[in-house]
Structure formats: structure tokens, C-alpha cells
Amino acid sequence: MEQKDLLKEIISHCKEYGYVFPSSEIYDGLAATYDYGQLGAELKNNIKTYWWKAMTQLNSNIVGIDSAIFMHPTTWKASGHVDAFNDPLIDNKDSKKRYRADVLLEEYLEKQTQKIQKEVEKGEKRFGDSFDKTQFIATNPNVLRIKEKQTQVQERMKTALNESNLEDLRQLIIDLEIVCPISGSKNWTEVRQFNLMFSTSLGSVAGESSTIYLRPETAQGIFVNFLNVQKSGRMKIPFGIAQIGKAFRNEIVARQFIFRMREFEQMEMQFFVKPGEELTWYEHWKEARKKWHLNLGLGEKNYRFHDHIKLAHYANAACDIEFNFPMGFKELEGIHSRTDFDLKQHELHSGKKLQYFDPSTNESYVPFVIETSVGLDRMFLSVLSASYTEEKLEDGSERTVLKIPAALAPYKIAVLPLIKKDGLPEKAQEIMRMLHLDYTIQYDEKDSIGKRYRRQDAIGTPFAITVDHETLESNTVTIRNRDTMTQERIAIESLPAFLNTHCSWSSLLGALA
Ligand code: ATP
């Protein structure tokens, strides 16, 4: 399936089966805002649990907190968000539509890539079996010309963005004759910086209100609590603080489903280390986070690890973990060595010391920080994009199946009495009662067994237990595997051990411990 079609299929599948709905849909929705439905909420909670347990349960030196979304406004001055958390925006004077200047340029570059693809297709047609794609791309004059132009544009855009040269950013749009997709005109305004933080006011008495922000990241809630946690938890460096929570950004180009939203969730961990040891810990966390992702079994080829060449002013090393989303490889997680920038900034703005006293050397210092930051919603989309499969079966029929890692699936088991009589529903209920303290279970007795299996495939339930007449005689059931569709007969008393091996938290976390 074409990658773009895949996104459409996933969006409609999510809506049809209760994973994700457009927010406030009865009022025609709200742009870039989504609600997680009954299955989506379960999957999201399971992804959170996988992260939380891997961080806090498997590392005795990492603890988790849950800080407030509202923070003292000076927090955002200190962190640099008030002054520098901006996107460069440009308006088209005819359509009155607003765009991100860098996105207009990226779309231009993407069009050039498509042109190269067209040249390659032409070459393929012309040369048939003897076509050598690598050689064609390296030598065809048209391809080389487009590539050279692309490189020039990329370089100029990068420099303009890095130097906040908004005039040149605009000039580049003009020079490339980029038109507004709505009006078709080149009638552009100046480029202006637009802060991404949402603000609101606190206090109900007129005149007494002050501007506060909805947090654009969860990390600052960790930094301001660094000493509280260190002292109350008697934490010794190195140690980490983890947090999962909502973050808000007024993204102008918010699209691509739940990949870029204005309200989203982050799972962030700040790891505090002794200055000088940060790059060793940075490498440690890069590896640990890779392992965490690969452990889900979504396919190694779906990940790309990309080191940043140009670093933010406060970082001394950074990389992204990218995932092969239906829109191509895009950032899923960032790992950053943030030096002592944040804690020092908070010291400066609060006038409070945020230092660690090292009892072994009798010295105090501001620790350095390694940050791992992953978007929960992007994790959700990565799981769904890798799991969504349309299969043609041997008998010619088709099925849509979500091959979600078993421990993350909303329902772990479906319990299905073969028919609605002869005591089979009662036996099925008995099995449910035996398992439901440990696992989420769906009971279904409607329609043919084949239809019921398809329904469970479509929502990603890894195992279906069928209760038949033999069950009543021998206390055994058939258990069907969602991915292979094979069935085996097992004793009811073996079910807990079977499920423990295949879909418990320990089955997933075991390889990380
Ligand atoms: P991008 O370049 O894609 O805007 P970013 O570099 O600004 O992302 P960070 O500030 O590093 O992102 O945030 C950490 C993580 O939070 C990202 O890796 C991503 O998974 C997630 N994230 C950031 N912005 C959004 C958003 N608007 N919607 C959903 N998830 C987001």
C-alpha cells in the first residue's frame, strides 16, 4: 500500500473501531485535536506503562513525578521559551492564509525529490531490464541539476534559520517563486517570529491577573523539582526523574493526524550526572532507548538514528530516533545532553541554589543533564502504523489485522463460546472470571466464530479462546493466535501460564531487565 494511503486507512480504521476520534466531532471537529476512544485509551495507557515501568521499575535510581501543567511564568523566561520558542510565519496577502516559512520551503524541496523520482521512472521505462538506478541518479544531467539546486536551497534555508535571518527566508521564498496553494499568488508578507506557547491569565480579579502559560514541555517541571526530589528521596548522583504529561504548543501547521497536535503528551526523563561524565551517560541512554524501542518488535528497519550536527546552544550532543511513519521517517524521540543549562538558568532567575552536595568529595556542583524525550502520541502512531496489515488469505478472503505487540494490545484475550447455548456461555464466563484480574478480556457471543475472529483481528486482540462442547468434557479450550491464525488446544488450567509467557508485562520487559 502507498504510504499516503496507509495514513488514510489508519485514520479511518481508528475511527471505526474506537481508537481515535476527531475532537468535538458533532461540531465539525477542532483542527489538530483528537480524542482517544475506548481502545485508544487502553493502548495509550499501555504504552505509558511500558515506558514508566522501563524507566522507574527497572532502574533503581530513577523516580517518577507528576508536576502541574501551570508553572510560575518566570520558569519560561528562564528556560528560554518566552524569548526563543518561535516558528517563522509568513502570510499570503490574497488568501490571508498563514504558513510556516520553513514548511513552505520543505514542501518545495519535497517537490524536487518527486521530480527526481519522475526522472528515475522515465529512465526505468527507457532502459528496461538494463536500468541501473544508482548509476542513473549519479550521472543523469537532469537529476544532477535538480539535486544541486536542492542542496543550495537547503544550505541557504539552514543558514537563514540558524541566524534568524527572516528577510533572507522570505527572499528565498520569493526567489524560488513559491506560490500560495490557495490563492496561487506570490503576494507574501514579511516573515515574523511567532511564539508557540499558549497563554492564559490567572486570577479572577481585574487588574490582578497575570499571564501564565500552558507548559510546552514537561521537562521544566522536573528541573524546578530537582532539589525537592533529590532531598526527599535521598537520591545520589547519577539519578533520574521521569514524568509523563500533557504539553501544549500552538503549532501553525498542525496536521498528519496525531503526529503533530496542539495538545499532546510527552514522556520525558532527565538524568542528572556529574559534570564531565555526561557524554558517557549520553551514549548509555542512546543505547538504552534504542533497546526499548526495538524490544517492541515493530521492525528494526523502521527506525533511523540521526545525530544532530548543528546543536542547540545549550547542548553538547543530541540525536533523534526517527520512525518510518506513513509520511516517511520523522522524529519520534529526542535524546539530548543539555549540560547544566537549565538548572543554572533556574538558579539565576530564582536566586535559589540548585546544587548537589557530593558527600564523597565534600563538593557542591550543578549537575549536568541527559534528557530522553518521546512523544506518547507519536509512539501510538508508530505502533499503529507498523501493526496495521491488510492480508489476503488462502481462501481468497481478506482480513485487516492490527499486529500490536501483545502486551500493549487493548484487549489481551477474547473469550468466545462457540454457540449461545448448551452451557457454553456459562463456561466462557467462568474462564473470564479466572483471568480478568490480570488481563483485559472481551466477551463476544454474537455472529459466526469466523466473523468474531475477524472483529478481534481488526482491534488487535492477540489471543482468542474458544469454548466448545469438548471444553465441557475435557476442560480444554482452543486458543487462536492473531498473527499466525493457528489454533492449539490447551487445558484451562494452563491459560494463566500461557498468557504470562505471551502477553504479561514481564514478557515484554524481560529483555530489558
Ligand atoms: P518537531 O521537530 O517534530 O516539531 P521537536 O523537536 O520540537 O519536534 P521536542 O521539543 O524535542 O520536539 O519534543 C520531544 C518529543 O515530543 C518529540 O520527539 C515528539 O515525539 C513530541 N512532540 C513534539 N511536538 C509535538 C506535537 N506538536 N504533537 C505531538 N507530539 C509532539
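A charge sits over a ring if NZ of Lys or CZ of Arg is within 6 Å of the ring centre and within 35 degrees of the ring normal. The views show a predicted model, in which local features need pLDDT of at least 70, side-chain atom pairs count only at pLDDT 80 or more, and totals for chains, interfaces and linings use all residues. Residues are numbered from 1 along each chain as its sequence is written, and side-chain values use heavy atoms, with hydrogens and water left out.

**View A. Arginine charges over aromatic rings.** The charged end of R378 is placed over the ring of F259, at 3.7 Å from its centre. R289 lies over the face of W292, 4.2 Å from the ring centre.

**View B. The aromatic pair of Y34 and F257.** In one of them, the ring centres of Y34 and F257 are 5.0 Å apart and the planes meet at 85°, so the pair is edge-to-face. F257 is buried, with a relative accessible area of 4%, whereas Y34 is partly exposed at 24% (buried is under 20%, exposed over 50%, partly exposed in between; 1.4 Å probe, protein chains only).

**View C. The aromatic pair of F271 and W281.** The ring centres of F271 and W281 are 4.9 Å apart with planes at 50°, so this pair is tilted. F271 is buried, with a relative accessible area of 1%, and W281 is partly exposed, at 21%.

How values were computed: Phe/Tyr/Trp six-rings, centres within 6.5 Å; stacked < 30°, edge-to-face > 60°.
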